[in-house]
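Work through the exercises below with the model open. Try each task before you read its solution.

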Amino acid sequence: MMKKRKDRNGRVLPQGVTQRADGRYLYREQINGKSIYLYAKTLNEMKERISKHKLDAARGVDVDLKKLTLNEWYFQYLEIYKKNNIKEMSYRNMINYYTWYVKNFGMLGSLCLEDITHAKVVSHFQELAQKKKLAHKTLGSLASMLFNCFQQAVYDQAITYNPAGDIMKFVKGQPPETRDSLTKEEVSRLVNFLKEDEEYHIYLPAIVTGLGTGLRCGELLGLTWDNVDFKRHVIRVDHTISYKNKGNGHEFFITTPKTKAANREIPMTSEVEEMLKEQKKYQKELRIRDDICIDGWKHFVFTTKLGNPFTHEGFRTSLKRLIKKANAEEREQAKEEGREPVLIPDHTPHWWRHTFCTRLVEANVDYVTLKNLLGHTKVETSIDIYTHISEQLKKTSKETLEGIIKIL
């Protein structure tokens with residue numbers, strides 16, 4: 001009797017399956033003279049892939065991977081190799097990036113894997129850079145996604161080489177956008193408007209908290225009362241909220257923060273603490289329900305009147321509207337007083353994070369403290385931001401000085 005093959009854990013392997021040195025499982029089969037190779041990280045995943053493969057073969061589905069178009073292969077690649085191994089938000093981003101910049105742009109996605117060359121991938125990216133005006137960093141992220149997708153096709157022996165290797169050597173995207181922040185005067189104008197305006201006053205606590213903590217938008221909107229410690233005067237960041245479109249609505253989901261470093265505690269200033277207490281009072285007076293549960297999380301701090309968390313899109317839309325109203329009132333008042341209006345720039349909540357960072361740099365806060373408060377993984381990221389803001393401040397000081405001192 002032939003001895004049954006086992007994996008490293010002593011489990012009997014199905015016929016045709018072996019375990020590679022890197023721990024992955026490999027299945028080999030010959031169909032009509034063609035070699036079929038399937039790979040999987042776990043034995044259960046391999047069994048599922050084999051079952052699907054045999055079902056497809058019985059139905060007459062073409063199992064020759066090289067005949068698949070890139071569009072077909074990419075989503076199969078995500079389903080098999082990525083879906084259960086990355087965060088939900090990362091998975092959605094991989095779908096969105098590909099859909100925007102490959103599936104719905106140009107012809108690359110409709111080509112069969114065996115017909116895609118390095119030159120065709122480079123040409124696609126050059127066209128993206130020219131027509132979509134994408135930032136170099138965005139193009140680089142997309143290039144990395146495609147490289148990994150093609151590399152898996154190499155592992156699965158659908159193609160013999162990776163056509164997305166080193167493509168950024170031949171592509172030049174747009175330079176990185178300038179990080180924007182609000183001046184102290186603009187912050188004052190925004191806050192004063194919110195204090196007085198009955199319609200938009202409800203957004204004051206959220207905006208002051210964003211400006212006073214540097215929270216990312218998903219961290220801010222996902223904040224729960226369990227994360228607010230009034231005794232220790234800190235806000236604990238341990239999750240972030242996002243959502244995906246579903247039918248005519250959307251579905252919220254909670255994930256861990258962007259990185260391990262993003263798990264942090266941020267001291268509450270007296271202003272932030274005051275605003276959060278006002279928010280708690282507001283929710284209590286209006287009897288806003290706090291039992292809506294999303295992936296085990298409830299008691300959200302910033303919600304609609306129905307108790308649902310704000311969506312990023314809905315929050316940005318409200319911000320845009322309140323800025324428009326504030327600026328209209330300011331123009332009218334400035335005209336009456338015979339002065340130039342102090343207008344609030346049209347911006348997104350991410351500006352509040354950079355505004356928070358700018359105030360820290362102005363106060364000469366050190367790199368490590370900046371890194372810890374903002375939740376950066378590497379201190380180099382904080383140094384880059386610090387240097388960028390410092391250069392902006394130097395430029396502003398020079399321009400201001402030249403505007404005051406006139407010699408000639």
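## Exercise 1: A covered helix

Helix 7 is mostly covered, with 10 of its 10 residues buried. This is a predicted model.

Task: list the buried residues of helix 7, then look at what comes just after this helix.

Solution. 
- Step 1. The buried residues of helix 7 are Leu-204, Pro-205, Ala-206, Ile-207, Val-208, Thr-209, Gly-210, Leu-211, Gly-212 and Thr-213.

## Exercise 2: Helix 6 against helix 7

Task: work out how helix 6 and helix 7 run relative to each other, and which residues meet.

Solution. 
- Step 1. Find helix 6 at residues 184-196 and helix 7 at residues 204-213. Their axes come within 10 Å and cross at roughly 160°.
- Step 2. Angles over 145 degrees count as roughly antiparallel. Helix 6 and helix 7 are therefore roughly antiparallel.
- Step 3. The crossing of helix 6 and helix 7 is left-handed.
- Step 4. From helix 6, the residues in the contact are Val-187, Leu-190, Val-191, Leu-194 and Lys-195. From helix 7 they are Leu-204, Ile-207, Val-208 and Leu-211.
- Step 5. Sort the residues of this contact of helix 6 with helix 7 by class: eight are nonpolar, none polar and one charged.

## Exercise 3: Helix 2 against helix 3

Task: describe the packing of helix 2 and helix 3, then sort the contact residues by class.

Solution. 
- Step 1. Helix 2 spans residues 70-82, and helix 3 spans residues 88-103. Their axes are 12 Å apart, at an angle of about 175°.
- Step 2. That angle makes helix 2 roughly antiparallel to helix 3.
- Step 3. Helix 2 brings Leu-70, Asn-71, Tyr-74, Phe-75, Tyr-77, Leu-78, Glu-79 and Lys-82. Helix 3 brings Tyr-91, Met-94, Ile-95, Tyr-98, Thr-99, Val-102 and Lys-103.
- Step 4. The contact of helix 2 with helix 3 has 10 nonpolar, two polar and three charged residues.

## Exercise 4: Helix 4 against helix 5

Task: find the direction, handedness and contact residues of helix 4 and helix 5.

Solution. 
- Step 1. Helix 4 (residues 118-131) packs against helix 5 (residues 136-155) at an angle of about 155°. The axes are 11 Å apart.
- Step 2. Helix 4 and helix 5 are therefore roughly antiparallel.
- Step 3. The crossing of helix 4 and helix 5 is right-handed.
- Step 4. Helix 4 supplies Val-121, Phe-125, Leu-128 and Ala-129 to the contact. Helix 5 supplies Leu-139, Leu-142, Ala-143, Leu-146 and Phe-150.
- Step 5. Nine residues of the contact of helix 4 with helix 5 are nonpolar, none polar and none charged.

## Exercise 5: One lysine

Task: is Lys-280 buried, partly exposed or exposed?

Solution. 
- Step 1. Locate Lys-280 in helix 9, residues 270-285.
- Step 2. The relative accessible area of Lys-280 is 39%. Buried means under 20% and exposed over 50%. Lys-280 is therefore partly exposed.
- Step 3. Leaving aside neighbours within four places in sequence, Lys-280 is in contact with Trp-225 and Phe-230.

## Exercise 6: The whole chain

Task: how many helices and strands does the chain have, and where is the pLDDT below 50?

Solution. 
- Step 1. The chain has 13 helices and eight strands. Of its 408 residues, 44% count as buried.
- Step 2. The mean pLDDT is 83, and 85% of residues reach 70 or more.
- Step 3. Over residues 393-408 the pLDDT is below 50. Where pLDDT is low, the predicted coordinates should not be read in detail.

Technical notes:
Residues are numbered from 1 along each chain as its sequence is written. This is a predicted model: local features need pLDDT of at least 70, side-chain atom pairs count only at pLDDT 80 or more; totals for chains, interfaces and linings use all residues. Side-chain values use heavy atoms; hydrogens and water are left out. pLDDT is the predictor's confidence in each residue, from 0 to 100. Contact means heavy atoms within 4.5 Å. Axes are lines fitted to C-alpha atoms, for helices over the stretch in contact, and angles run from 0 to 180 degrees between N-to-C directions. Helices (H or I, at least four residues) and strands (E, at least two) are DSSP runs, numbered from the N terminus. Angles under 35 degrees count as roughly parallel, over 145 as roughly antiparallel, 65 to 115 as roughly perpendicular and the rest as oblique. A crossing is left-handed if the near helix is turned anticlockwise from the far one by less than a right angle, and right-handed if clockwise. Ala, Val, Leu, Ile, Met, Phe, Trp, Tyr, Cys and Pro count as nonpolar, Asp, Glu, Lys and Arg as charged, and the others, Gly among them, as polar. Buried means under 20% relative accessible area, exposed over 50%, partly exposed in between (1.4 Å probe, protein chains only).
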